[in-house]
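Keep the structure open while reading.

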Amino acid sequence: MTEAIAKRRSIRKYDPAKPVTKEQLNQLLEAAMLAPSACNSRPWEFIAVTKREILDEIARIHPYAKMCASAAAAIIVVALPQPDMPAGFFPQDCGAATQNILLEAVAQGLGACWCGVYPREERMAEIAGLFDIKAPKLPFCVIAVGTPAEKPAQRGFFEERKVTYID
Ligand SMILES: Cc1cc2nc3c(=O)[nH]c(=O)nc-3n(C[C@H](O)[C@H](O)[C@H](O)COP(=O)(O)O)c2cc1C
């Protein structure tokens, strides 16, 4: 099992004194952009935030992203639905990019938390307003990033009953 997959947990408490560097952020973003996407459409852009006031504002407007108040950074995954692609593909593509960021964060010794935005209309409107994201682009999710100040135990587990083996 890849170590980052086994170790990854959603981190909701961070050490606010420990910054995330631009190099670290770029590595997370490179991981995101290495994700697969339908027809290689790559329907994503990213906003990398380290400005404290904006992190605090995300925590204020998103009821389940309060951890951004202690996170050193946040990445907003912005989706760009492609007119020539079925609408169901972009959330899958952006989800794959998001998961790559979460795993790369673990590999770097950082923690992260995926905070859902799309498809909740009210959260999309708030985050779009904060970052001036205009249609056809839409905010897909917020990912809090920082040095963990908690160490939750592994949560995922293998459930063989959820597998159909066809030998
Ligand atoms: C689509 C999606 C949206 C999520 N939104 C939030 C959120 O808004 N706030 C939060 O604290 N966690 C959020 N999470 C994290 C889940 O709560 C978490 O992954 C789940 O409880 C399993 O825990 P683990 O990630 O530590 O394994 C989200 C996860 C996904 C995949």
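## The sheet

Strand 3 (residues 111–116) and strand 4 run antiparallel and are joined by six bridges. Strands pair if DSSP finds at least two bridges between them. Helices (H or I, at least four residues) and strands (E, at least two) are DSSP runs, numbered from the N terminus. This is a predicted model: local features need pLDDT of at least 70, side-chain atom pairs count only at pLDDT 80 or more, and totals for chains, interfaces and linings use all residues. Residues are numbered from 1 along each chain as its sequence is written.

Within this pairing, Cys115 stands opposite Val142 of strand 4. Trp114 has Ile143 as its bridge partner in strand 4. Strand 2 (residues 73–79) also pairs with strand 4, antiparallel, over seven bridges. There, Val78 is partnered by Pro139 of strand 4. Strand 1 and strand 2 run antiparallel too, joined by six bridges. Trp44 stands opposite Ala79 in strand 2.

Together, four strands make an open sheet in the order 1-2-4-3, with antiparallel pairing. Strand 1 (44–49) and strand 3 stand at the edges; each has a single partner strand, so one side of each lacks a neighbour in the sheet. On average, neighbouring strands are turned by 20° against each other, direction ignored.

## Covered strands

How many residues of strand 4 are buried? Strand 4 (residues 138–146) is mostly covered, with nine of its nine residues buried. A residue is buried if 20 or more other C-beta atoms lie within 10 Å of its own, exposed if 12 or fewer, and partly exposed in between; C-beta atoms are placed from the backbone.

Strand 2 is mostly covered as well: seven of its seven residues are buried. In a regular strand, side chains alternate between the two faces of the sheet. Ala73, Ile75, Val77 and Ala79 point one way from strand 2. Ala74, Ile76 and Val78 point the other way, and all are buried.

## Helix 2 on the sheet

Helix 2 lies across strand 1, strand 2 and strand 4. It runs at about 165° to strand 1. Axes are lines fitted to C-alpha atoms, for helices over the stretch in contact, and angles run from 0 to 180 degrees between N-to-C directions.

Gln24 is found in helix 2. Gln24 is partly exposed, with 18 other C-beta atoms within 10 Å. It touches Gln108 and Leu110, not counting residues up to four places away in sequence. Contact here means C-beta atoms, placed from the backbone, within 7 Å.

## Helix 2 against helix 4

The axes of helix 2 (residues 22–33) and helix 4 (residues 89–107) come within 7 Å and cross at roughly 140°. That makes helix 2 oblique to helix 4. Angles under 35 degrees count as roughly parallel, over 145 as roughly antiparallel, 65 to 115 as roughly perpendicular and the rest as oblique.

Helix 2 contributes Gln27, Leu28, Ala31 and Ala32 to the contact. Helix 4 contributes Ala97, Asn100, Ile101, Glu104 and Ala105. By class, this contact has six nonpolar, two polar and one charged residues. Ala, Val, Leu, Ile, Met, Phe, Trp, Tyr, Cys and Pro count as nonpolar, Asp, Glu, Lys and Arg as charged, and the others, Gly among them, as polar.

Key:
Contact = placed C-beta atoms within 7 Å.
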